[in-house]
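Have the sequence and the structure open side by side.

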Amino acid sequence: MPGKSFHRTDRVAAQLRRELGLLVHQAVREHGLPSVSVSDVEVTRDMAHAKVFVTALLPGSSKEAVKALKELAPELRHRLSQAVRMRHTPELHFHYDDSVDKGERIEELLRDHPPASDPDA
């Protein structure tokens, strides 16, 4: 089959990202957590564990949000098991995804320090 091959873990991770996005959004509303969204999910090959990366609307509240999600992980795993048909639902491990913060920092640096004009041009 020509083209890109997709591994089962990639398909499972994409499905978990969609479902966890909804579940985390519900948890934020139900528990009054700082606003976060799921940016990525990585699943181990044996599908026993899933790293769930979240970004925070307000970066200052990221630690509080990740801590709360870690405490809610068993409940979220149970809800996930009801939403997704899998023999074994992976254990959820929440991590803060700082790539958005790093990107904003780079943009800020570029705005504050524009590149010097090229004398050869």
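V66 is buried, with a relative accessible area of 9%; buried means under 20% relative accessible area, exposed over 50%, and partly exposed in between, with a 1.4 Å probe and protein chains only. The residue lies in helix α2. Here helices (H or I, at least four residues) and strands (E, at least two) are DSSP runs, numbered from the N terminus.

Which residues does V66 touch, not counting those up to four places away in sequence? They are V54, F94, H95 and Y96, where contact means heavy atoms within 4.5 Å. V66 and F94 are 28 residues apart in sequence, and their C-alpha atoms are 6.3 Å apart in space.

## About the model

This is a predicted model, in which local features need pLDDT of at least 70 and side-chain atom pairs count only at pLDDT 80 or more, while totals for chains, interfaces and linings use all residues. Residues are numbered from 1 along each chain as its sequence is written, and side-chain values use heavy atoms, with hydrogens and water left out.

## Salt bridges

Side chains of opposite charge can pair when their charged atoms come close. How many salt bridges does the structure hold? There are 3, each being a side-chain nitrogen of Lys or Arg within 4 Å of a carboxyl oxygen of Asp or Glu.

One of them joins D40 and R17, at 3.1 Å from N to O. D40 lies in strand β1 and R17 in helix α1 (residues 8–31), so this pair ties together parts that are 23 residues apart in sequence. D40 counts as partly exposed at 26% relative accessibility, and R17 is also partly exposed, at 31%.

## A network around R79

E30, E75 and R79 are linked in a network of salt bridges. The side chains of E30 and R79 meet at 2.9 Å, N to O. That pair links distant parts of the chain, with E30 in helix α1 and R79 in helix α2 (residues 62–83), 49 residues apart. E30 is partly exposed, with a relative accessible area of 48%.

E75 also forms a salt bridge with R79, and the closest N and O atoms are 2.9 Å apart. Both E75 and R79 lie in helix α2, 4 residues apart, or about one turn of the helix. E75 counts as partly exposed at 32% relative accessibility.

## The backbone at M47

Most residues other than glycine have a negative phi. M47 is not a glycine, yet its phi is positive, at about 60 degrees. Where does M47 sit? Its place is in the loop between β1 (36–43) and β2 (49–56). M47 counts as buried, at 8% relative accessibility.
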